[in-house]
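Please look at the structure before reading on.

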Amino acid sequence: MSAIAEELPEQPDFLWHNPSPKKSYDVVIIGGGGHGLATAYYLAKNHGITNIAILERGWLAGGNMARNTTIIRSNYLWDESAAIYEYSMKLWEGLQEELDYDFLFSQRGVMNLAHTLQEVRDSQRRVFANQLNGIDASWIEPDEIKELCPPLNTSDDIRYPIMGATWQPRGGIAKHDHVAWAFARACDRMGVDIIQGCEVTGIVKDAGRVTGVETTQGRINAGSVGMAAAGRSSLLAEMAGFRLPIQSHPLQALVSELHEPVHPTVVMSNHVHVYVSQAHKGELVMGAGVDSYNGYGNRGSFHIIEEQMAAAVELFPIFARAHVLRTWGGIVDVTLDASPIVSRTPFDNLYVNCGWGTGGFKGLPAAGYTFAHTIATGEAHPLNAPYSLDRFTTGALIDEHGAAAVAH
Ligand SMILES: Cc1cc2nc3c(=O)[nH]c(=O)nc-3n(C[C@H](O)[C@H](O)[C@H](O)COP(=O)(O)OP(=O)(O)OC[C@H]3O[C@@H](n4cnc5c(N)ncnc54)[C@H](O)[C@@H]3O)c2cc1C
């Protein structure tokens, strides 16, 4: 055994440490996904708070972070959404350099197809709203669609002919696990403890304040606690003693075996209900909407996969003989207005970032940036102020079901 150990190379220096938890931290972040990592990064970078632990019940980015299909775009309808998602896009555009890590950020454009007159009207409305907010959105006709994405079937003798599309050229994809590693390395360099295999099982309170967390590795005291647990957020809120307006649903995706590069962009269709892109290695990446029931198992029903493949073949007959290599599911945290929650909670020093549902990968830089601001100052940043928990009692909802429809 020791002879083998001697032959093994040392751990490469790009990995992060794997420390045991200290007794106490200034800030404890629950959840080692993209949002937890980005929050810790911006707390350290923008606010000088480095005595931070990220507690992850499984392994780093083993939740939705490494299960998502990595679509990045900012073409949401309402001003509040345009502001936070576009800010996120701008952060994405500088992140590889800032984190000194190549995570294959590819601005290959995102297309949302319209197949009915009503969809044309709704999509054009969104394009105009985006343009007023300075987002690079435009409306494109079928001939331009064919030019941008040759394998799409744009003929008009099919069940749902393509009548046009919204187009955001700055949208695209990135490699999700590399993004997690990039943030983890940067956090580690700044002294953040990333603690894996450490499940939070209780929230410790004293006289109305949160003082720490109970975990599978013992009690850890905390000056402030930030929840970034995506699909498991309601369970944590329940431990703390308040309720979140979240429903947890399975969301599935799949990849084909590898193919030559044939599909140059990202195509989404709410109507036939699928989205398709091609990953850097060559897999076709496909997904659709959530499974309709609630649950915490990281898998969904077979008929959802069957339907999304039928829809993909309808749009791309050329892919009819591609084989499915792998399917998987994650648990997404869906709010009733399809917009996130980045907010204070009923407890002064307990904060929550959740509700990103099917589209939180694209939002993670801005979520981390604004959530860090809220934890550090106790106040909302102007970008996340509209995303407070109290909008569900005041009624100031930000309904993004249209822009979020086929997920992502
Ligand atoms: C199939 C699929 C496709 C998707 N596609 C896209 C897409 O194309 N574009 C897009 O923008 N978004 C997409 N999403 C959504 C996106 O992945 C999520 O919104 C986002 O990843 C959520 O934030 P996160 O990365 O922090 O979540 P997660 O990675 O899930 O992180 C939360 C972490 O908290 C941990 N945790 C939970 N409870 C506890 C506890 N008690 N103690 C300690 N740790 C705990 C979990 O183990 C988990 O690792 C997709 C999601 C899925 C499932």
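A salt bridge is a side-chain nitrogen of Lys or Arg within 4 Å of a carboxyl oxygen of Asp or Glu. The structure holds 12 salt bridges. In one of them, the side chains of lysine 45 and glutamate 98 meet at 3.3 Å, N to O. This pair joins distant parts of the chain, 53 residues apart: lysine 45 lies in helix α2 (residues 34–47) and glutamate 98 in helix α3 (residues 79–99). Helices here are DSSP runs (H or I) of at least four residues, numbered from the N terminus.

The model is predicted, so local features need pLDDT of at least 70 and side-chain atom pairs count only at pLDDT 80 or more, whereas totals for chains, interfaces and linings use all residues. Residues are numbered from 1 along each chain as its sequence is written, and side-chain values use heavy atoms, with hydrogens and water left out.

**The two domains**

The domain assignment, whose bounds come from an automatic or database source, gives domain 1 (24–68 + 177–245 + 337–404) and domain 2 (107–170 + 247–335). Their centres, taken over C-alpha atoms, are 29 Å apart. In contact (heavy atoms within 4.5 Å) are 22 residues of domain 1 and 16 residues of domain 2.

Between them, the domains bury about 1,400 Å², 48% of it on carbon and sulfur atoms. Buried area is the accessible area (1.4 Å probe) that two parts lose on being put together, summed over both. In domain 1, the residues that lose the most area to domain 2 are Arg67, Gly231 and Thr358, together 35% of what that side buries.

Which kinds of polar pairing does the rule find across this interface? It finds 0 salt bridges, but 9 residue pairs in polar contact, both at pLDDT 80 or more. A polar contact is a pair of N or O atoms within 3.5 Å; within protein, one must be able to donate a hydrogen and the other to accept it, and residues adjacent in sequence count only if both atoms are side-chain atoms.

**The ligand**

Surrounding the ligand are 39 residues, the closest being Glu56, Asn64, Met65, Thr69 and Lys362; a residue counts if one of its heavy atoms lies within 4 Å.

| Residue | Distance |
|---|---|
| Glycine 34 | 3.0 Å |
| Asparagine 64 | 2.8 Å |
| Threonine 70 | 3.2 Å |

Key
Helix = DSSP H or I, 4+ residues; strand = E, 2+ residues; numbered from the N terminus.
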